[in-house]
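Q: Got a structure open here and I'd like to talk through one part of it. Can you take a look with me?

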Amino acid sequence: MKYLDFHESELFMTFGIHQGFIRLLHFSDCPYQPYADLNMADGFRFFQDGYQFAQIQAAGVNRPFEKQGNMFIATMPGCRMKYISHDMAENADGKELVILQKDEETGIAVKTHFRFYTGLSCVRTWNEVINQGEISWTMEYVGTFSYLGIEKEGEGTSDDKMLIHVPYNGWQRELSWQSHTFAELGLAQTQPEDYFRRTSRNVVFSNTGNWSTKDYIPMGILENTETNGTLFFQIEHNGSWEWEIGMQANHFYLNLSGPEEVHGHFSKTLKPGDQFVSVPACVGTARGSISEAVDVLTKYRRIIRRRNADNEKLPVIFNDYMNCLYGNPTWNNEIPMIEAAARAGCEYYVIDAGWYAPGEWWDGVGEWKESCERFPQGLKALTDVIRSHGMIPGLWLELEVMGIHCPLMNKVPKDWFFTRHGSLVYDRSRVQLDFRNPEVRAYADGIIDRLVNTYGAGYIKMDYNIEPGIGTDRDAESPGVGLLEHERAYLKWLDSIFERYPELVIENCSSGGMRMDYAMLSRYSIQSTSDQENYVSYSTIACNAPSAVTSEQAAVWSYPKRDADEENAAFNMINAMLCRIHQSGHLVELAPKALEIVKEGIHIYKNIRKDIYHSLPYWPLGFAHAADAYAALVLRNDKILYLAVWRRFEDGTEDVDLPLDTVVAGRKVQSVQILYPSAHPMQSRTPYHFDEENCILHVHFKDAPVARLFALHMDASL
């Protein structure tokens, strides 16, 4: 067997070439050690059927004996493809490996791309399928990445050493990380070691539809607790996707893909000469646990996203919705709020939903014309007031939908909208616009142009509050294909908007965090993390936000209620201060002391935000869970460490110990302080002590809910 080895930072990849086949034998944080399976009597069958990294299933092609149940392994012609060539070329970010395989019987070829990034232990990968045959073939599954052997390092069994960390997601329940053993997910080892092991059981995490993260964030972390290593991934797609773990040839595999036939209602026919490109994914390794894995992902996310000033300047945004006007903007309501937001130090002022309708607006959206009843002086006059107070105006928009009572509904062609079975696809009294249609894109262009050029909007909150399901079958052979083509057309349209308006800030909001994926976030500079209305519950989401989104892209509400005291206001501010401040709350009616706490929080944020966009997150207590009394998030760089600590409710324990040895890493801590709130009476309620020898910060919280932001200044030299 011939081996091909590739190494970047803590990522080691080994391919084997044998009897004309190429297979991925190793993807790990440690070098490859040949293992016994491939030397067994059935070794070549294991090799051919089990280690294909480009899983391709075409309709009408038989699959081998190895496949059991509803799994995307031993695909055909995927595992029948022969190695043709490979090439490694340099690019601006590092190198890119391209491997070409082809199945002679069907003429289907696949180019697999692995893009390496200098100094990072991860690759961006995708497959390009080309029909080089003489007849058409229908693709039922085009995988993005497949690797068999995720548990093979170490001596223990998968029952003893393997954990799967999964970010469950949901409206107002975003970023609820849960950890599972393989056994807890029904993948316990139940057969003898010397027995050929496989099962029909696989664990599937997937999304079907346009709300890409309504159930899960499309990422995960596999941890080997014996070897202290992780394999992590994120699927970069704004629609249907799937990842699965199952067993094949005595090992466990990981598959990543975009839409496919079983879960995504996807099938795509390739005529001779046609090609199809899978959705991309990032896959990588790290030595350590969850924080080390997120470190690599954070650096990678900063590389692949659109360069923009917003993610470097981190301006403070006021939005008039949450615990404030709640979709009832009027001239008289806005003027005092604009003045209060400016005095508090906000730099953007966003008029949220309702500016385009005199009353109820949900099912009438689509024209996006200002309401004269709400703004007798005109919306432009109001945005001028915002600018006169030194802030940049912003407007709420839900551009991808049209309400059923919108006057345009009866004026535009039906091919503007998603259809299935000859009928429009309705959801919550709206219909979905189809961005494959150039007339729809022109309509959307016109709206953006009007908001920017007429009203002077420098910020758009782009919301999206429906789920149109499996897709559209209009001009598409399957609904999944229609959805995928729409999503890709939307991304191209978005790219064109940023080309025309490079300074325009557009927030990605989908009922909060229902499209928190890096197809979108490689374009958008800022992401709404939630519509959660309880500030104590929001701390869980805020604490976990940097696991799925870079801190400088993660918009977190700070919305003290009218009756908030100083501690309530500080808790709200600390939720947002290590991410992006989305200030709200009725600042006009806040008690003076609470308002001063808000002002101080914004002032301190402006002093520390220069550190946020190049710092890395760490969780001294692990990811936050709603049932935990305490949560803690660190952002750190070489010189300073910011630590947010929340006590959310009373559980009988007033003290918390925060281990920081991993992130201090031998440096001397020169000083520790409560950075916020700085008022002495509030600080005196929170005694703390730093154990320099063990690098543990001991904090005492007498009451709850209470939060504090600490700063630890370090000697940068090791």
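Q: Which strands does helix α12 lie across?
A: Helix α12 (residues 566–576) lies across β35 (640–647), β37 and β40, and runs at about 50° to β40. Helices here are DSSP runs of H or I with at least four residues, strands are E runs of at least two, and both are numbered from the N terminus. Angles run from 0 to 180 degrees between N-to-C directions, with axes fitted to C-alpha atoms, for helices over the stretch in contact (heavy atoms within 4.5 Å).

Q: What kind of model is this, and how are residues numbered?
A: It's a predicted model, where local features need pLDDT of at least 70, side-chain atom pairs count only at pLDDT 80 or more, and totals for chains, interfaces and linings use all residues. Numbering starts from 1 along each chain as its sequence is written, and side-chain values use heavy atoms, leaving out hydrogens and water.

Q: What caps its N-terminal end?
A: D565 does, with a side-chain oxygen 3.2 Å from the backbone nitrogen of E567.

Q: Back to the sheet, what's the strand order?
A: The order is β33-β34-β35-β40-β37, an open sheet of five strands with antiparallel pairing (at least two DSSP bridges between two strands). β33 (616–618) and β37 (669–676) are the edge strands, each pairing on one side only.

Q: How many bridges between β37 and β40?
A: Six, with β40 covering residues 706–714. Q673 stands opposite A711 in β40.

Definitions and conventions
Polar contact = N/O pair within 3.5 Å; in protein donor to acceptor, adjacent residues only side chain to side chain.
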